[in-house]
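Visitor: I am new to this structure. Please show me how to read its features one by one.

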Amino acid sequence: MAEKTINITLKVWREGGKYGSGKFETYPLKDIGTDMSFLEMFDVLNEELVSKKEMPVAFEHDCREGICGTCSMVIDGQPHGPMKGTTTCQLHMRSFKDGATITVEPFRAKAFPVIRDLVVDRSSFDAIIQAGGYISVNTGQAQDANSIPIEKETSEKAFDAATCIGCGACVAACPNSAAMLFTSAKVSHLGTMPQGKVEADKRVQAMVNQMDKEGFGMCSNVKACEAECPKEISVENIAIMNRAYMSSVLGSDKEA
Amino acid sequence: MSDKLKSNVPEGELADKWVNYRGTMPLVAPNNKRRIEIIVVGTGLAGAAAAATLGELGYNVKCFTFHDSPRRAHSVAAQGGINAAKNYQNDGDSVYRLFYDTIKGGDYRARESNVHRLAEVSRDIIDQCVAQGVPFAREYGGLLANRSFGGVQVQRTFYARGQTGQQLLIGAYSALSRQINRGSVKMYNRHEMLDLVLVDGKARGIITRNLLNGKIESHAAHSVVLATGGYGNVFYLSTNAMNSNVSAAWRAHKKGAYFANPCYTQIHPTCIPVSGEYQSKLTLMSESLRNDGRVWVPKKKEDCKKDPTTIPEEDRDYYLERIYPAFGNLVPRDVASRAAKYVTDEGRGVGATGLAVYLDFASAIERYGKSEAIAKGMINPSAAKIKEMGEAAVKERYGNLFHMYEKITDENPYKTPMKIFPAVHYTMGGIWVDYNLQTTIPGCFALGEANFSDHGANRLGASALMQGLADGYFVIPYTIGTFLSKEIRTPKIASDLPEFKKAEEAVTSRINQLLNVGGNQSVESFHRRLGRIMWDYCGMSRNAEGLAKARTMIQELRKEFYSDVFVPGTNEEYNPELEKALRVADFLELGELMVCDALDRNESCGGHFREEYQEEGGEAKRNDNDYMYVAAWEYLNGPDWELHKENLKYENIEVKTRSYK
């Protein structure tokens, strides 16, 4: 691979420590290899800052393979940047032009308070799952795996929803900071499979109620969540969840 | 054998050991479980499964992760699948065969009884995961699908596209979330374990640092379970996540837990090659790709820079198929990696650096395309149509992997072969544990990749997920009772005992030491240099001279670290550089132990290849007379170590030279 390089200007949101309630800081970067990932570009910047004895830019990252859901940046206005179906860690500098100014901010939402620079607190997602995002089966209670045949298409559909990595890009993309795509992906994953149908009514109510409690906004069908989702999870799941929620409220004697 | 190294393997026939033991081991009654506290560190497959199951049983569990959420643990990144002796394919699989393959794959360096138990419970894991809603791949009839992995001649691998680890982890995470909701598990996110606390010789708690504000906290319990993963990041470049580290395990080691077989490292043959100096990590391409991908390099050196699609069949060397006709492209990982090293050493490597081989899907695309055409009743389909249908079939199997490869390399693997090269992936070594998964510290248990127990000198593909979940769901919930049944009269452990205060002070002074060096080199630069030493001298092949040199180099690097590292900021804030510094400090000690272990083991076995000990043709040459033991290292100050040996006995399997030819 003959290495191409570009020069860029980074405008990065810094918050906490000496930056207090936050401001943009500008960093020019030279000779950035286009085969570098976006986070490796941040590594280079941070090495530079450390060599100047400054605090590096705090950002979250871990697997760098697009699956753990840890990385979370809004790049030029888009969660995870310009490439469709891609997390920040899998975005490469070849997606940017020489001379570009790139603006990087944290995921912003009331339910995702900023911790430092680009790091936010997403424990509200855990709270939604804890409210009911599971099938209540204790270890050892299961029957033989093949005793529950599931139509391949059904299983695939559940899978498409189950690929959610819990990154929160859907919330960051939504003008209302709604967590509908995240919540509905879990409701739909479990509710689609026969194992998950038993508790479906209870689950959808518990999860939706928790979602509201955490301070996420309402859905107004903008569909920005689907457009920015690095796993390309469909908004159809939101419709599935709304239907499940309505029928659980209207069609059963259980309380909402 | 040292008296601390009692393996506590139950008596009786191999196949009956676990069942009989389970039926007769001491239990803790439900009313007593309510009064007992357990700390679980780590929320990967082993940790989340253990915390959830122990919570279900009625224990009070406190669970810790340094991540912002338990769902981020690196088990999430496992791609290919999970083995289980279900024999759903009717191809002759059995518990014994899975046991046999695992022992053989591990090059006869694993403990028979543990591996047999693993094979037994493998079947329950699949049942459990399906019940939790894990969407495993299915056939059109609605039943579960399987594929093959390396070192195996049956199809026993269950999978969920190329993201099996993610789906299994979500299953374990959801079980854990349910227990958090019930209040049986208290979850501590963004807390890093920085020390293990012993009271009267028993593990009774941990010291953590709250990563948000630097607060040093004591947490007490009756018992501590470590499920903190492997130490592959000692090499700097590996397929591990950026934050994967050895610190929790290392702190237990320094408090008396023996560390076993540290030199057994798995170099995975199919990773995306290094592309530049800035490289921060390496990305795996699942071994499942070797079901359909063919590995080759050009026969002639001068072809290495050519466009591979223009090189005719007769000028290609499908070297795995040539050398190992019985297993072909599906030889175990250590064998495949070494073969890739040999061909690149000969100068036949490809890519810009010459450190890559091809993994080619052209024949699979053609084969699948033709079979689709037949299935659809097409007469004389065009080559383009066959290719199109074949590509679709390959996409269905490996779509997300191909997508990931293209994103990273900017090359389309449907059209041109992938370029791959071996990279550090997994560590078979780890904390020594007995049959109960208890370490040499009473009350301290180790699960999953953090322990050493099941994979010997080489792990077979799709066995890590199996072991993590086996330990967490089906082993520790029982075996922890052997310790806790004697603790039912022990009152709640207070976290303000002098032992905790002392440990807190030690942690604080370690942190201050790092912050006060005030040198000129970044933590990252030290980590990178350590990784380089490890890869050059303790990587894919090792020799006595290099290892001895490496030991000195590591000692010098460690000295330099403590005199010239620069860690910005303070303890009392969110400070990833400080987190990294604490982890690298531990890697700098572990690296030395790995080198000592590799130097002690004067043989080649599995992932440990000593150049001095090889058969003709470069195959590993084991020395069963002198080295059929687990090397369990006791920490002494200095740091220095004392070797203890657990001799391995094979009573149910014939020990022979591993052959995949």
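Visitor: Which residues of α9(A) are buried?

Guide: Asn237(A), Ile238(A), Ile240(A), Met241(A), Ala244(A) and Tyr245(A) are buried in α9(A). A residue is buried if 20 or more other C-beta atoms lie within 10 Å of its own, exposed if 12 or fewer, and partly exposed in between, with C-beta atoms placed from the backbone. Helices (H or I, at least four residues) and strands (E, at least two) are DSSP runs, numbered from the N terminus. This is a predicted model: local features need pLDDT of at least 70, side-chain atom pairs count only at pLDDT 80 or more, and totals for chains, interfaces and linings use all residues. Residues are numbered from 1 along each chain as its sequence is written, and chains are lettered from A and ligands numbered from 1 in the order in which they are written.

Visitor: How is a helix read by its sides?

Guide: An α-helix has 3.6 residues a turn, so residues three or four places apart point the same way.

Visitor: What covers the buried residues of α9(A)?

Guide: The cover includes α3 (152–162), α5 (180–192) and α7 (200–213) of chain A.

Visitor: What span should α9 of chain A have, at 1.5 Å a residue?

Guide: The expected span is 1.5 Å times one less than the number of residues. Helix α9 of chain A has 15 residues (236–250), so it should span 21 Å; its end C-alpha atoms are 21 Å apart, which agrees.

Visitor: Now a sheet. How do I read the strand order?

Guide: Strands of a sheet pair through backbone hydrogen bonds, either parallel or antiparallel. Here two strands pair if DSSP finds at least two bridges between them. In chain A, 5 strands form an open sheet in the order β2-β1-β5-β3-β4, with mixed pairing. The edge strands are β2 (23–33) and β4 (78–79) of chain A, each pairing on one side only.

Visitor: How many bridges join β3 to β5 in chain A?

Guide: 2 bridges join β3 (residues 74–75) to β5 (residues 101–105) of chain A, and the two strands run antiparallel. Val74(A) has Glu105(A) as its bridge partner in β5(A).

Visitor: How many residues of each chain are in contact?

Guide: Two residues are in contact if their C-beta atoms, placed from the backbone, lie within 7 Å. By that rule, 71 residues of chain A are in contact with 63 residues of chain B. Elements giving two or more residues to the chain A side include α1 (38–51), β6 (114–116) and α2 (123–132) of chain A. The chain A side divides into 28 nonpolar, 25 polar and 18 charged residues. Ala, Val, Leu, Ile, Met, Phe, Trp, Tyr, Cys and Pro count as nonpolar, Asp, Glu, Lys and Arg as charged, and the others, Gly among them, as polar.

Visitor: Is helix α7 of chain B mostly covered or mostly open?

Guide: Helix α7 (residues 247–254) of chain B is mostly covered, with 7 of its 8 residues buried. Among them are Trp250(B), Arg251(B) and His253(B). Gly256(B) follows α7(B), and its phi is positive, near 125°.

Visitor: Where does Asp91(B) lie?

Guide: Asp91(B) lies in the loop between β3 (82–83) and α4 (95–105) of chain B. Asp91(B) counts as partly exposed because it has 13 C-beta neighbours inside 10 Å. Leaving aside neighbours within four places in sequence, Asp91(B) is in contact with Val154(B) and Gln155(B).
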